[in-house]
Amino acid sequence: MPVLTIHPATPRERVFQWSEPRCDIGRAPTNHLQIDEEAVSGYHARIEKRGDEYWLVDLNSTNGTFVNGSQIKEARLKDGDTLQLGEVVHIRFNLPAEQPPKETPTETPKPAQPEPAVEVVSEGVPMPGIPTAAPVPPGSALMPVSAGTAMAPRGVQCPSCQAFIPFSVNFCPRCGFSLAQTAPLAFPSQPQPVGFVRPMEHPGAPSVGMLPLLALLCGVFGFLVIPSVLAIILGLLAIGHIRRHGGLESDRKQATWGVFLGFFWVVVGLGLGGFYGWHLHQRAQKEQFAETRLVVDKLMAENEANAINVLKGIARAEKLVKIIRYKDPNQSGVGQYLPLTELAEAGTSFCSRDLASGLVKGYRISIRDVSEASYTAVAEPEKYNETGRRTFTIDPSGLIRGRDLEGKSFAQSGGALPVLSEQKSAFEGNEDDAIAKEALVTAKRLASEGQYEQCQRILNDIATQFSITTVAQELTGLKKSVEPFIIEAQASLKHQKADAALAANDLKLAISLFKEITELYPTYSKISLVSDNLTKYQTLYIQKLDKEAKDLFDKAEALEREGKPEAALELYVQIEKNYPTTDWAKRIAEQKPALQKSIREKAAEQLYAQARSLSVNTDARDIVNLLQQLQRNYTDTEYVQRNRDAITTYYQKALAEQYRALAIEQMKAGRDADALARLEDACANNPDVRPSFRDLFLQLYPRVARKRMDEGDARTALQLYTNYLMLEPATNEVNLAILSKLQYNVAKIEFSQGRYLEALQLLIGAKPEYFQDPEFNDLYGSVEIARGNYLDSIEYFNRAIAAKPTVGNYYARRGYAQLLLALQIEQEAMIAYAGLLRDQTNVATTATAPASNPPPTAINIVVAGSGTNVPAPSNTQTSTDFGPVFMTVLPPTATGLKPEMQVRYDASASQLLLDQILDMLDAMSATNAAMRVRTAVRTAKAVQPTSSSRTTVNVNTTPETNAPTSDNVTTASSRERLKRIKTTMDFGKSLSSLRQRILDCNKRREISVAAMQRMAELFKNGNRDLAKAIQLHADRSPQLAEILKATEEHEKLITRAIPKITSYLAVEMDVIDKVTQMTESVYRSMRVHTTTALDPTATLDIYFNRWFDRSEFDKGVQFLREAAAIKVPLENYSILPPPTASPPAPVAPSSSATTKSATTTPAAKPTKPAPATVEPSEQ
């Protein structure tokens, strides 16, 4: 394989080999050999193998291809040829080692050997990949061969002994072979040490010497100015010498740094010199500016003072021209202020005519906002800070205002300028006297010209505004001489105007002028003529008005007869307006109301007829407009009142059609929501039109509902679907699954917002579709908890857990519901069994009391968080503190009602029932005893005559009836029997009522016992669910753990309390049953007329002893009390979101309120109150 050495014997040297028959060379990356040089074309040349030879072909390159210095188009290559691409790229071509070597002539023939060569080495080590040449005879050429490394060669190999010979010697240090006898190396120059810069021309020239070092030293001390120049010169000389003749890299670097430092110090020196020169220039300018500023400030002060004087003169001139009424375009007698040009032309002594240009000594003068009442004169600097700084203004008050606007114009200042207190007003001193004098001169001139009226006005103004001036003294005489002429002139002018009005046949104006002359100018020389003319023309004017009014009236009557009341009415109105003083106007006032009514009736009829002539289907909008106009303008007419129903019906029909048309247009445009809103608005304003829109509603409700569903507005979509179903469509387009989904989603929203009743109604509708869905059942159970239906909520949580038994929140909520129900039962049990708890100090006394009347105790029960005490039944004055209990606050229900009672037992009712049974038994026994006594007496009377002293004589009976005969005895016995039968029947009724009450009481007792047992089971199951929820990492597990800890204590105490309480209830039931049986036995004996004596206490002692043995019951109630005193932190865990308007938090009772009784029994005879209950809503 041929070897190409690119840039041989240079630091850029590299070797390239290839094995293909062709090698493309160029700058493009697709060539076999890429050379990235600007002198090389993209595809510059190609080396081809033709047989055993290699040929170089130029590919039309830009800079040409050369072989051994000759430009070629195509040439055969030999081993060792030098190729050149352009001017800078050199390549050496070497054939592979297998090529046969050239024969060298020797004195003794020898076998063919490879061409001897000297191998270029570095540091005495042969270059890898190059064979070691054999010794050659003197005169052989030294051809160093590169091994492809970038390291520059430092010597040659001795041709004789192959030892390393540095370039610095000319003989071999081992064998003494002289290199002079060999040909020179075939390189452009001799190899040099590392860091040597190849010369560009004239190799072998003398060294650069100390120039680079001197340049560097001069550069270091270049801050002394001259060394920096020397560093540049010496450095450039050294660099040039190295480029031309070669040298060390270190010398070139020293020279380069010397040049750089020289230029650096030159630049620094120039910068410092420039800065110092600039500083001197600025200092000179400041001194010159300070001198100029003094002159300018003095000039500006003069200009400002002059501007203030000019403004004062303008104020005086304006006041003068207003007094003399220089400009009064409206002839109103009120003068106006003048703009600057007109004021300058007025020629007053206060204002020069040169002010018309608006410039005066560096200030621009202008007058703005000119009106009859005000003006603003402004003086602004022509060049700010050169001709002046401050801007000044003046107004009719004469006060000078001004301040420095910092170059802004007065229009940009944004408001009035402050008053300059150091400046006097323009009207102080003698200035008013000067103005009054000039005004008086003008008044005299006007008087001399015959303009008396204007003169009079000026004089009045002078007297009013300049009363303290010397001019006011001259006014009195002048005014007396002018007034007669003024009066005569004014009256004569008005007389002339009146004559002109008569000539124009304007009697009304002439009469008005004549009246004015007679009233205002009684001293007029022609006043008598004016009075005669006034009387004459007034009469003519009245006659003229009467004739014109009569003509119009006749014309109006004719139009009325022709059936044109509108035109007649217009004439009548014209007569009333233009001829109000005539008799015809009075006659019109009597006929006009009837005519107007007729016109309105006819207009209403025409308007309705016009509306009826239109088609409802095509002209609904016009019909609506016409009928609205009819109702708005003609409601009080008899025609509208008479046809009101027809008009209303037609209006509603047209309005409905109009809304229908608009809705259909919007539906065609795809705006179903707008169409539905329009129809709903129409129905809201007119409910009677809703049936006519039924077909449109059936189309729009489902469309808009689906759109609202896509937008995520489930509430609106559900309402629309509900409205659709209320229309009872023939074909239902609402999918039950979609409706149920909407109800479910809206129920979630209602629940999250605390509207539980609404959520329940929606869940009931979605229940058939989501009955087995765990989340649905979880939500349903939560809603039931909110309503206080704890038992029903457990059922739904059971379904949710059955569907997904791995969700901890389901267990948490079911346990929460079970605990709520258990705590409810616990609190109800405390209230129910409180009536049976007695004071332990009265046990002995109670045990010896009569069995028929056991004394109950009074107990105070406090509900934590309710703030009230619930009284228990009380028949005695002894009391036992029963607090604190009920420390757990159950959450309020959403409906505000208490949950359904679980413990229905009433201790007071049971006690009262037993008392009544015993009372009945005593009454029966007493009745039996009385009957036995009466029977014995009757028997004795039947045997012995009755004493006269004990005989009762009835004066109304015959003597035969008073005798103690056998008939009387029989009659008394019958009466006694009837009375006994009646008493027995009364006892039977009472016993039947008591028996029914006993059955009810037993049923309640059984329900309460079952509730107590269920309470234990609920505590157990609820705690188990909470533990399971904590195990499954349910939400708010720490709060659940707190609740679980408290309820486990409840469970322990409740488990111990239930057997003791229920066993006592069984004893109570047994005692009441035995007493009832005894009473029924006595009753049966009464019915069969048995008079055997009965002692109920002898039979019931054993039961009453069991009744009064309440030690175990007291322990059970005490356990229940201890359980209720343990607070369960339910408020830390609530499954319900906060409602939109949450009720106020309950207030915990104080320690004193815990022991205080809620009610006080009056001092009267104790009664048996109803059982104490606690409303869950109060908890």
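Predicted model: local features only at pLDDT ≥ 70, side-chain atom pairs only at ≥ 80, totals over all residues.
A polar contact is a pair of N or O atoms within 3.5 Å; within protein, one must be able to donate a hydrogen and the other to accept it.

Select Lys494 to begin. This residue belongs to helix α7, which spans residues 472-503. Its relative accessible area is 18%, so Lys494 is classed as buried, the cut-off being under 20%. Display the side chain of Glu516 next: a polar contact of 2.8 Å joins it to the side chain of Lys494. Apart from neighbours within four places in sequence, the residues in contact with Lys494 are Leu513, Glu516, Ile517 and Tyr521.

Turn now to the aromatic rings. The structure contains 21 aromatic pairs. For one of them, select Phe221 and Phe223: the ring centres are 6.4 Å apart and the planes meet at 50 degrees, so this pair is tilted. Phe221 is partly exposed, at 44% relative accessible area, and Phe223 is also partly exposed, at 48%.

Proceed to Phe514 and Tyr537, a stacked pair with 6.4 Å from centre to centre and 15 degrees between the planes. Phe514 lies in helix α8 (residues 507-520) and Tyr537 in helix α9 (residues 527-561), so that the pair links distant parts of the chain, 23 residues apart. Phe514 is buried at 0% relative accessibility; Tyr537 is buried at 17%.

Next, select Tyr744, Tyr770, Phe776, Tyr780 and Tyr796, which ring pairs join into a cluster.

Finally, select Tyr811 and Lys1028. The charged end of Lys1028 is placed over the ring of Tyr811, 5.9 Å from its centre.

Definitions and conventions
Residues numbered from 1 in each chain as written. Heavy atoms only, no water. Helix = DSSP H or I, 4+ residues; strand = E, 2+ residues; numbered from the N terminus. Buried < 20%, exposed > 50% of the residue type's maximum accessible area, 1.4 Å probe, protein only. Contact = heavy atoms within 4.5 Å. Phe/Tyr/Trp six-rings, centres within 6.5 Å; stacked < 30°, edge-to-face > 60°. Lys NZ or Arg CZ within 6 Å of the ring centre and 35° of its normal.
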